[in-house]
Structures are given as C-alpha cells and as structure tokens.
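Me: I have a model open and want to learn how to read it. Could you take me through it feature by feature?

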Amino acid sequence: MCGPRGLPGAPDRLFHNEGTTFVDVTARAGVRDSGGYYGFAATWVDVDDDGDLDLLVVNDSTPNYLYRNTGKGTFEEAGFASGFALNEEGREQAGMGLALGDYDNDGRVDTFITNFSDDSNTLRRNLGGGLFEDVTGRLRLRTPSLPFLGWGTGFLDYDNDGWLDIFVANGHVYPQVDRFDWGMTWAQRPLLFRNREGSRFDETRAVPSISIFRSRRKSRRDATCVGWGSTMAPSARSTRVSSIARSRVTARPVPPPICRLTHP
Ligand SMILES: [Ca+2]
Ligand SMILES: [Ca+2]
Ligand SMILES: [Ca+2]
Ligand SMILES: [Ca+2]
C-alpha cells in the first residue's frame with residue numbers, strides 16, 4: 001500500500017480565456033500551489049457572497065485550498081483561516097470528490113468532500129464571510145462513511161421534499177483489500193443520505209431486487225468477518241463491526257422513499 005505522500009505533486013494551473021487563446025496566469029493570479037499538493041477536484045463558487053467567484057481546490061492527504069477572489073484579478077489563499085483546509089480535528093484528509101449545495105437552505109452554498117476509507121467524508125456549513133464549519137459529526141455523517149472510499153458525490157433532492165440530499169459513489173483503489181481483515185471491500189456500494197430538514201442526515205436503505213441491494217449484501221458479509229480499522233484494538237474492532245453488520249443484516253428494507261439507483 002502506498003499513498004501520495006513521498007511522491008512529487010503536480011502544480012495547479014489557471015488559464016485565462018482571452019478570446020481565441022488561453023494564457024497561463026497561475027503565478028500572476030496567486031494560485032500557484034507552492035506546496036505541490038495532490039489536487040483531485042476544483043471548482044468556482046462565490047463562497048463569501050461578494051459577487052466574485054472564488055476557487056476551491058480539494059487535495060489528497062494535504063490541506064485544501066480556498067482562494068478568495070480579490071476582484072482585481074488575483075486571489076488570496078485562505079484555506080486555514082476559513083476552516084476549509086482541515087477537518088474539525090485539525091487533520092488534512094484524502095479529498096477526492098467535491099459537491100456544492102445549500103443543504104440547510106440558508107442561502108449560502110455548503111460543501112461536501114469525499115475521502116479515503118477509515119476516514120469520514122466531510123460536510124462543511126458555510127457560515128458566511130468566507131468561513132466554514134465542519135458539521136459532519138453533528139449531522140451524523142461521520143460513522144456511516146468510515147469503511148467506504150468515496151469518489152464522485154453530489155447534492156440532489158431525490159425525494160422532492162425541498163432539502164438537498166447527498167449521493168456518494170464508492171470503491172477502493174486496492175483489489176487486495178478483499179484478502180485482509182481491514183473492514184472494507186474493493187467493490188463498494190454507493191451511499192445515499194436523506195436530509196432531515198438540515199438537522200441531520202440518515203442513510204437511505206436499499207430495497208430488495210435491485211442491484212444496489214445485492215452489492216450491499218456482499219459488503220455486509222465481508223464486514224462480518226473482517227476488522228474495522230487500524231485505530232481500534234482487535235476486540236473493539238470486531239465488536240463494533242459485528243454490531244454494525246448485525247444491524248444491517250437484520251434491518252428490514254424500509255418503504256419509500258425508495259432508492260432507485262443502479263450499480264453496475
Ligand atoms: Ca497540485
Ligand atoms: Ca467571492
Ligand atoms: Ca447553507
Ligand atoms: Ca430531500
């Protein structure tokens with residue numbers, strides 16, 4: 001197993017559209033990625049509602065960047081000051097996917113970032129003024145994502161109740177994980193979280209007879225015989241895994257809202 005640490009990170013580049021050509025303005029604009037971080041996702045969004053698009057860059061195993069637009073063709077990096085660089089524990093995470101959406105309907109766009117297995121995905125609430133608060137644990141999104149290695153993600157209101165829900169596509173990068181007691185599998189089902197009016201998220205359970213359910217059963221079977229993670233004692237790991245696995249095995253599929261997602 002190897003991570004990106006120890007490998008040289010590629011620099012980020014910003015190209016300015018000048019009509020018929022694109023000009024590299026990375027250094028001039030102040031978005032040079034001097035740390036050589038491992039970028040996975042980037043997007044434009046006005047995080048501080050001043051009318052100028054700011055730039056978010058999600059990095060793997062390194063702090064995320066939040067470049068605030070000065071309105072003068074330049075940017076000021078505010079990742080640490082804004083709360084976007086690290087999670088609430090002060091740790092950098094293995095950022096993969098990035099979703100934007102106003103989950104609490106307060107008019108400010110919030111962010112959701114997927115991460116590696118044995119770590120949680122991270123929901124950040126936009127507090128205004130370019131500040132973010134990690135609300136992952138408070139809104140019950142931490143534990144369900146721990147065994148999963150997340151990639152693509154998006155906010156969507158799948159049940160049409162006016163509150164944005166969260167979808168995550170998962171899958172491990174190492175096929176070898178199926179041979180070890182690490183509490184995770186190579187093939188992983190997607191996750192869908194239902195937004196409870198901005199106060200918490202509940203995982204939407206799959207229904208029988210669709211492929212997502214079969215994928216889930218495989219994950220459960222594997223979870224019953226493998227450990228959870230490297231940070232717990234073996235006894236704690238096995239107890240926790242068995243408890244979670246049992247709850248999932250015995251849980252009856254719930255009625256609609258129905259997850260109609262398909263999984264190849
Ligand atoms: Ca980079
Ligand atoms: Ca802005
Ligand atoms: Ca919001
Ligand atoms: Ca919804």
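Reply: Let's start with one residue. Aspartate 33 sits in the loop between α1 (26-29) and β3. Keep in mind that this is a predicted model.

Me: What is the phi of aspartate 33?

Reply: First the general idea. Most residues other than glycine have a negative phi. Aspartate 33 is not a glycine, yet its phi is positive, about 55 degrees.

Me: Is aspartate 33 buried or exposed?

Reply: Count the C-beta neighbours. Aspartate 33 has 20 of them inside 10 Å, so it counts as buried. The cut-off for buried is 20 or more.

Me: Which other residue has a positive phi although it is not a glycine?

Reply: Glutamate 197 is one, with a phi of about 50 degrees. It lies in the loop between β13 (191-195) and β14 (201-203). Glutamate 197 is exposed, with 10 other C-beta atoms within 10 Å.

Me: Now the sheets. In what order do the strands β3, β4, β5 and β6 come?

Reply: Read the order across the sheet. Here it is β3-β4-β5-β6, an open sheet of four strands with antiparallel pairing. β3 (38-45) and β6 (75-77) are at the edges; each has a single partner strand, so one side of each lacks a neighbour in the sheet. From one strand to the next, the twist averages 20 degrees.

Me: How many bridges join β5 and β6?

Reply: Three bridges, in the antiparallel sense, with β5 covering residues 65-69. One residue pair to find: asparagine 69 has phenylalanine 75, in β6, as its bridge partner.

Me: What is the order in the sheet that holds β7?

Reply: It runs β7-β8-β9-β10, again four strands in an open sheet with antiparallel pairing. The edge strands are β7 (98-101) and β10 (131-134), and each pairs on one side only. Neighbouring strands are turned by 25 degrees against each other on average, direction ignored.

Me: Where does phenylalanine 116 lie?

Reply: Phenylalanine 116 is in the loop between β8 and β9 (122-128). It is partly exposed, with 19 other C-beta atoms within 10 Å.

Me: With which residues is phenylalanine 116 in contact, leaving aside its neighbours within four places in sequence?

Reply: Ala94 and Leu149. Phenylalanine 116 and leucine 146 are 30 residues apart in sequence but 8.3 Å apart in space, C-alpha to C-alpha. For alanine 94 and phenylalanine 116 the values are 22 residues and 5.6 Å.

Me: What about alanine 94 itself?

Reply: Alanine 94 is found in the loop between α2 (79-82) and β7. It is buried, with 22 other C-beta atoms within 10 Å. Leaving aside neighbours within four places in sequence, its contacts include Asp60, Ser61 and Asn115.

Me: How do I read the whole chain?

Reply: Begin with the inventory: four helices and 14 strands. Buried residues make up 33% of the 264 residues. Among contacts between residues at least 6 apart in sequence, 47% join residues at least 24 apart.

Me: What is the mean pLDDT of the chain?

Reply: It is 82, and 78% of the residues reach 70 or more. Over residues 216-264, the pLDDT is below 50; this stretch has 67 contacts in the model beyond near neighbours in sequence. Where pLDDT is low, the predicted coordinates should not be read in detail.

How values were computed. Residues numbered from 1 in each chain as written. Chains lettered and ligands numbered in written order. Predicted model: local features only at pLDDT ≥ 70, side-chain atom pairs only at ≥ 80, totals over all residues. Pairing = 2+ DSSP bridges. Helix = DSSP H or I, 4+ residues; strand = E, 2+ residues; numbered from the N terminus. Axes fitted to C-alpha atoms, helices over the stretch in contact; angles between N-to-C directions. Buried ≥ 20, exposed ≤ 12 C-beta atoms within 10 Å, placed from the backbone. Contact = placed C-beta atoms within 7 Å. pLDDT = per-residue confidence, 0-100.
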